[in-house]
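These are my notebook entries on a structure that I had not examined before. I set down what I looked up, entry by entry.

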Amino acid sequence: MLLTVAVIGSARALKGEVRLDIRTDDPEGRLAPGTALPTAPADAGPLTVTRLRFDGSRWFAVFAEAGDRTAAEALRGVRLLVETDDEDAEDDAWYAHELIGLRAVRRLPDGAAETLGEVVDLERGVAQDRIVVRTGSDRDVAVPFVAALVPEVDVEAGTVTLDPPGGLFPGLGAAEGALP
């Protein structure tokens with residue numbers, strides 16, 4: 001299966017260096033110099049990493065196929081892919097493509113499920129990731145992806161069970177700490 005390891009951002013400097021939005025926990029391994037990576041869209045690559053660096057907060061790369069700023073700017077938004085297998089996947093780790101499209105539900109006291117919306121994105125965060133749920137009124141709600149708020153993911157059933165605090169979703173109780 002092909003997974004996104006980085007998304008190419010803006011060009012930096014004149015010699016083709018680009019900023020990367022990293023989507024892997026091993027950028028130095030997945031993007032090591034000499035590595036040729038397939039891309040999406042496919043007609044942008046493959047791209048061969050010639051240099052990778054980290055400035056303490058952001059990652060940057062240079063590709064053999066983009067030797068100047070103009071060529072690097074043309075790569076903006078291109079996704080760098082890697083082939084992976086699911087054998088080494090953790091039981092409680094999820095890829096965005098596995099979650100997007102799942103129905104977000106909340107269990108009621110009687111055991112029935114109330115639909116809150118549909119998962120439309122997985123946002124990376126510093127402390128934890130967030131799943132983004134689009135409600136029936138087209139409002140996007142970011143839910144921290146922690147066990148207390150997302151107790152169950154059932155891909156086969158097509159659901160993500162949520163236990164949101166009051167005020168997180170429209171019409172579901174008052175916000176915690178709100179005055180009456």
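**Conventions.** I note that this is a predicted model, in which local features need pLDDT of at least 70 and side-chain atom pairs count only at pLDDT 80 or more, while totals for chains, interfaces and linings use all residues. Residues are numbered from 1 along each chain as its sequence is written, and side-chain values use heavy atoms, with hydrogens and water left out.

**Entry 1: the open sheet.** I took helices (H or I, at least four residues) and strands (E, at least two) as DSSP runs, numbered from the N terminus. Two strands count as paired if DSSP finds at least two bridges between them. I found an open sheet of seven antiparallel strands in the order β3-β5-β6-β2-β1-β7-β4. Its edges are β3 (36-37) and β4 (39-40), each pairing on one side only. Inside the sheet I looked at β2 (residues 17-22) and β6 (residues 59-63), which are joined in the antiparallel sense by three bridges. There Val18 stands opposite Ala61 of β6.

**Entry 2: the nonpolar cores.** A nonpolar core is a set of buried Ala, Val, Leu, Ile, Met, Phe, Trp, Tyr and Cys residues joined through side-chain atoms within 4.5 Å. Buried means under 20% relative accessible area, exposed over 50%, and partly exposed in between (1.4 Å probe, protein chains only). The largest core has 21 residues, and Phe63 and Leu20 are among those with the most contacts inside it. Two or more residues come from each of β1 (2-12), β2, β5 (47-54), β6 and β7 (79-83). The largest share, four residues, is that of β1. Apart from this core lies another, of 17 residues, including Ala104, Val160, Leu162 and Leu172.

I then asked which residues Phe63 is in contact with, leaving aside its neighbours within four places in sequence. Contact means heavy atoms within 4.5 Å. Among the partners of Phe63 are Ile8, Val18, Leu20, Leu75 and Leu80.

**Entry 3: the second largest pocket.** A pocket, on a 1 Å grid over the protein atoms alone, is an open set of points where a 1.4 Å probe fits, with protein on both sides within 12 Å along at least five of seven lines; lining residues have an atom within 4 Å of a point. The second largest pocket holds about 160 Å³ of space, a volume being the space filled by probe spheres set on the points. Its lining includes Phe54, Trp59 and Arg124. The largest share of that lining, four residues, comes from β2.

Entry 4: In their hairpin, with five residues between the strands, Gly111 has a positive phi near 95°. β8 also pairs with β13, here in the parallel sense over four bridges, and Arg106 has Leu162 as its bridge partner in β13.

Last, I looked up β10 (residues 130-134) and β11, an antiparallel pair with five bridges. Asp138, in the turn of their hairpin, has a positive phi of about 60°.
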